[in-house]
Amino acid sequence: MSMGEQRGKIQILVSTYNGEKYLAEQLDSLLKQTHSHFFITIRDDGSSDRTTAIIREYVSHYPHKIEAFYEKNVGVIASFFELLTNHVHKDTDYVCFCDQDDVWMPDKLERGIHSLSIHPGGIPMMYLTPTLMVDHTLEPLNCWPPVPKKGPSFFNALVENIAVGATIMINRPAIDLMQRKMPSPQNIVMHDWWAYLVVSAFGKVIYDEKPSIYYRQHQHNVVGGQQGFVDKWTKKWNSYKKYRAQKILWTQAKEFERCWGDLLPGELREGLQHFLLSGRSLARRTRYALTTPLYRQSKVDNLVFRLMMIRGDILK
């Protein structure tokens, strides 16, 4: 690894909204990173509590390390896309997404840059890890999500997200790629899932099994992890109802086709088009569910996913 790669500039994109309770602790964990060549860009999404006052305090103490933009409320997905579209510096080599209420492990950036820089340049790449879920006082609960045993791929990304946004690091080719075609936020599930789709389609996804953040669970999480057995199945059932009512996987895949369909490699384009076929009979849905290359990571999820396809809960 060359010294230039070791010193690569990482830009940390933070979206905040009414995050006064834990924001200072989050920012402190960024400032304590062992890899020191980083810059923090915060976009506040129209907070009405003390969040902006906390941000201004940090900007005044660390003007060489932190900048902030105070903008109107557009929601978490659009806020991260605003950051990625309008606020990435020209000399940035890597980008991380950051939430407002977690705590990063001190070597998070160092580990990410090391993993990405040992691969050849020019390929869009994403590095991601699981999280160590903790309660509001940072007491450990468990690791989440489970290690993806079948590995990352575009055929997984179409129906499941293994990328927790705050663990992600993407390299410059991946940044440039994502900036070329921005989706309509209302048609996608989450910014991190979209990143997983784009990079798995056109580049390489690197998974590190060791957690890199303390992922805080509290009642105000936008998207939370899963704790016990009951919590896990309650979340799965709610997620199932949402998939059925909104066909969100199909809608997101359709948006991906709109943005990237023409540029996809043949096998991936064929897989996407088969998934998006509408108006299948029960017999055809059954045949597709049993032969599709699309997969989820756990055996139970895979079975439920195929049953949902046959029932017509996912496909249109």
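Q: Where does Arg 280 lie relative to α11 and α12?

A: Helices are DSSP runs of H or I with at least four residues, strands are E runs of at least two, and both are numbered from the N terminus; Arg 280 sits in the loop that joins α11 (266–276) to α12 (282–291). This is a predicted model, in which local features need pLDDT of at least 70 and side-chain atom pairs count only at pLDDT 80 or more, while totals for chains, interfaces and linings use all residues. Residues are numbered from 1 along each chain as its sequence is written, and side-chain values use heavy atoms, with hydrogens and water left out.

Q: Which residues is Arg 280 in contact with, leaving aside its neighbours within four places in sequence?

A: Contact means heavy atoms within 4.5 Å; with those neighbours set aside, the partners of Arg 280 are His 274, Phe 275, Arg 285, Tyr 288, Leu 315 and Lys 316.

Q: Which residues lie nearest the centre of the second largest pocket?

A: Rolling a probe the size of a water molecule over the atoms shows where empty space is left. On a 1 Å grid over the protein atoms alone, a pocket is an open set of points where a 1.4 Å probe fits, with protein on both sides within 12 Å along at least five of seven lines, and lining residues have an atom within 4 Å of a point. Of the 13 residues lining the second largest pocket, His 274, Leu 277, Arg 280, Arg 284 and Tyr 288 lie nearest its centre.

Q: Which helix gives the largest share of that lining?

A: The largest share, 4 residues, comes from α12, and α11 and α12 each supply at least two residues of the lining.
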